[in-house]
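Let's take a friendly look at how two chains meet, and then at one residue inside one of them. Please keep the structure open as you read.

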Amino acid sequence: GCPKDDFQEELVIRPLHSGDIYASFQFRTLWETDFMRGNKVSHYRLFPKSLGQVISKFSVRELHISFTQGYWRTMQWGQPFLPSPPGAELWVWFQDSVTDVDGTWKELTNVLSGIFCASLNFIDSTNTVQPSASFKPLGIGNVTDHRFLRYATLPREIVCTENLTPWKKLLPCGSKAGLAVLLKSEKLFHSSFHSQAVHIRPVCQDWQCKTTSWELRQTLNVVFDLHTPGQGKLEWSLFKMFSRTLTEACPLASSSKIYIDITDDPQGEQFEVSPATHLLSQAMVLGDRRTFSVYDLTQQITFGTVRSLNLLIRWKSRDMLRPLLHAERYVAGYGLQTGEIHTLMYNNHPYRSFPVLLLDSVPWYLRLYIHTLTVTSKGKDNKPSYIHYQPSKDRVRPHLLEMLVQLPPNSVTEVTVQFERALLKWTEYTPDPNHGFYVGSSVISSLVPSIVAMDTNSTREQPLFSSFFPCKEESSYFMRVYTEPLLVNLPTPDFSMPYNVICLTCTVVAVGYGSLYNLLTRSFQIEEPSPGLAKRIANIIRKMRGVPPL
Amino acid sequence: MLAIFAVQLTLAVLVTSVFACIQYRPLLFFSSGHTNNWAVLVCTSRFWFNYRHVANTLSVYRSVKRLGIPDSHIVLMLADDMACNHRNPKPATVFSHKNMELNVYGDDVEVDYRGYEVTVENFLRVLTGRLPPSTPRSKRLLSDDRSNILIYLTGHGGNGFLKFQDSEEISNVELADAFEQMWQKRRYNELLFIIDTCQGASMYERFYSPNLMALASSQVGEDSLSHQPDLAIGVHLMDRYTFYLLEFLEDIHPSSKANMNDLFKVCPKSQCVSTPGHRTDLFLRDPGSALITDFFGSVRKVEITMETINLTEPIQQTYSYVDQLPVSEIIHQKPKQKDWHPPDGFILGLWTLILLVFFKTYGMKHLKHIF
């Protein structure tokens with residue numbers, strides 16, 4: 001028969017200690033079909049056809065693309081469910097049947113730029129890298145040859161309604177029913193952080209993993225600022241956040257739920273959610289056991305007599321669990337010739353140390369001096385146990401630096417490297433070169449020790465937000481942290497100088513040469529000065545009379 | 001007897017007239033000549049203070065979508081992002097009227113070329129169709145010989161050029177040649193070209209391909225002015241010509257019979273300060289017979305009938321491609337005589353300064369010997 005497909009949608013709302021509120025949408029479509037080995041798929045139901053055709057045409061094994069506006073502030077907001085760097089990020093694992101990975105990568109980025117209305121066609125060899133250890137497949141698969149992996153970021157990419165519109169059109173219910181009704185661009189982009197992503201990967205259907213199915217997750221994370229709407233009260237509602245309320249679940253969804261994080265206050269003293277619900281759920285997410293109030297939209301009673309659901313959340317200020325790992329990055333130095341990149345990684349665990357993988361991809365026009373690379377923790381030298389460095393080639397590929405660094409407990413590790421700025425060719429400057437040039441975020445991936453035992457059973461029914469990263473062991477969980485992108489000024493020529501030089505040279509040549517030429521080539525004759533007016537009239541009269549002139 | 005004969009005659013007349021009507025209907029049905037509509041809308045300016053150019057383009061986009069042209073048939077090129085610009089006090093919005101009355105950005109917009117992708121090269125490649133094979137469909141102008149295309153350009157321009165992104169220009173000669181390439185490759189049936197820049201009329205001076213109609217917001221030597229600023233946003237929101245064009249188009253609905261002569265009357269000098277111009281000598285139909293919806297909308301004539309209509313004779317093609325404009329006329333086109341303007345004050349002053357310095361150095365007595 002027809003391959004089974006299943007659609008689930010979920011919204012998680014987490015109030016943050018700074019008063020902001022974090023909403024994370026996830027839409028997941030599971031489809032038991034086989035895109036691999038050139039299998040022709042022609043009947044699409046819940047899975048969007050445009051993505052299905054992309055997967056089969058370009059032999060894609062895993063595809064992760066995200067568009068983010070804003071930077072995730074880990075120290076104020078904690079850890080996100082799905083991290084993403086500012087701008088656009090695309091990483092793809094190709095199947096091992098692909099012979100020309102670079103050519104396929106170029107075509108794939110062009111096609112995706114048309115699907116998502118983004119300038120992904122600017123991804124080329126100068127900003128693509130092949131990380132050897134940081135981006136292992138998140139789905140099933142035993143191909144780990146990093147020749148089939150490509151990773152690129154565009155830190156300058158703008159995210160706006162034109163990216164949200166095609167993203168919404170990929171959903172089975174579009175933006176007409178279910179949770180996607182809340183996605184109105186005027187509210188979503190008036191926020192501190194907005195990130196939308198598409199993740200496609202093959203997953204196991206059951207415990208033995210005899211059958212695989214394709215999973216498409218569309219995620220949207222947004223953090224609304226406390227002070228934007230005007231009032232500073234710690235009171236949020238669905239209508240205040242999204243200017244919409246919910247009236248129904250998506251009819252094509254098998255599950256449609258809203259989770260509200262009430263962990264710090266299950267009794268409801270400091271925290272108030274209305275309309276009240278008795279459904280509670282506990283989940284192990286991000287190394288912590290969290291409690292959630294659950295609203296099931298597939299049940300008609302959730303919407304009450306008014307047939308619409310507007311959740312109201314009120315809380316008093318609360319403490320936040322300090323994030324165990326976070327990072328910063330900045331450029332030091334002065335002038336337009338040299339500089340220094342500093343990356344700081346903070347390990348806030350009181351007694352455990354853990355290793356992190358740092359991935360840095362620096363464009364070729366910042367020439368890194370790797371002999372000046374230093375890694376120090378607590379003032380002492382900290383030698384990385386694994387370094388993979390690929391030097392850049394001018395106008396061909398960027399620097400790639402991957403290091404495995406052990407972070408001591410309760411410490412700051414600083415990685416510094418000096419660089420020199422290159423002078424670009426005239427045509428390589430953007431139309432606004434004085435804005436500066438962006439360096440993509442560093443990626444820090446690590447298995448962070450967790451306080452509670454994580455759930456390793458991947459096939460049990462779990463809420464979507466806790467089942468994104470596969471969990472292999474109980475004592476730690478996988479986390480990825482992105483640093484800020486850097487904005488670096490390159491020495492910029494004065495683009496009006498050619499015009500100025502041409503004008504000046506031509507004037508000098510014309511005036512100087514012209515006069516010199518005349519002085520040298522003209523012969524000078526003595527000439528009688530012309531007679532006055534009276535004499536001229538007299539001469540005319542004498543000529544008429546036939547008499548010689550005066 | 002006579003009465004029967006009269007009845008028979010009238011019946012015969014009626015039947016023949018009805019029969020003639022049915023025969024005539026295919027001709028009426030296919031009178032417009034185009035079967036699909038495309039639009040290429042380009043904003044060429046970067047930076048926040050050029051907000052009005054993006055608002056101009058988005059207003060035309062909005063009208064064109066409202067009148068029926070789908071996103072797949074619109075190539076929208078915006079050189080900078082104003083809606084999600086960090087300076088925009090109302091993110092995800094672009095307003096055309098002050099006091100934020102009309103958000104022309106909307107909730108359902110698809111921008112095909114954005115940011116640094118809007119270059120002269122990409123624009124000409126879109127027009128002529130010479131794109132790399134991996135270009136997605138939404139970025140291509142897939143028009144054919146029965147397409148009516150609307151091309152709208154806005155930005156900063158001058159006499160004979162239009163500035164792209166503050167770093168390069170397209171000249172009117174290049175544009176005319178691009179349209180000729182489109183004509184020779186049968187990429188359009190009729191083309192309406194609208195430009196809203198300073199000295200916009202210079203951009204359509206050099207056109208020489210048939211079936212082109214052009215409108216500009218100002219003549220050579222005139223500047224197109226902006227309409228009104230919004231103090232909350234801090235920049236000018238629209239240009240005058242496009243503002244009044246938007247007002248005119250808001251009254252057009254898909255079944256409207258307004259024609260091009262109404263479009264030429266948009267924004268007279270009293271409202272626009274500049275003099276809008278138009279050019280119809282290359283357009284083979286009478287502009288009065290060309291409907292606004294022929295270019296701005298995608299109106300499909302659908303007539304449901306239960307009768308069978310025999311298309312016995314082929315529909316008479318009123319246009320044939322080959323001898324529209326004889327080649328010899330094009331080659332031997334005399335360059336237009338440029339009006340002589342007296343040199344303006346700055347040039348005169350500069351030359352006076354140069355001459356004074358020169359003669360001070362060399363002395364006045366050599367004046368007549370040297371010159």
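## A salt bridge between the chains

B:Arg46 pairs with A:Asp432 in a salt bridge, their closest N and O atoms lying 3.1 Å apart. The term stands for a side-chain nitrogen of Lys or Arg within 4 Å of a carboxyl oxygen of Asp or Glu. Across the interface of chain A and chain B, the rule finds 6 salt bridges.

## About the model

This is a predicted model, where local features need pLDDT of at least 70 and side-chain atom pairs pLDDT 80 or more, while totals for chains, interfaces and linings use all residues. Residues are numbered from 1 along each chain as written, chains are lettered from A in written order, and side-chain values use heavy atoms, without hydrogens and water.

## The wider interface

In all, 36 residues of chain A are in contact (heavy atoms within 4.5 Å) with 32 residues of chain B. The buried area, meaning accessible area (1.4 Å probe) lost on putting two parts together, summed over both, is about 3000 Å², and carbon and sulfur atoms give 56% of that.

## A buried aspartate in chain B

Now to B:Asp196, which is buried (under 20% relative accessible area, 1.4 Å probe, protein chains only) yet has no salt bridge. How far away is the nearest side chain of opposite charge? That side chain, B:Arg52, is 8.0 Å away, with Lys and Arg counted as positive, Asp and Glu as negative, and His and the chain ends not counted.

How values were computed:
Buried means under 20% relative accessible area, exposed over 50%, partly exposed in between (1.4 Å probe, protein chains only).
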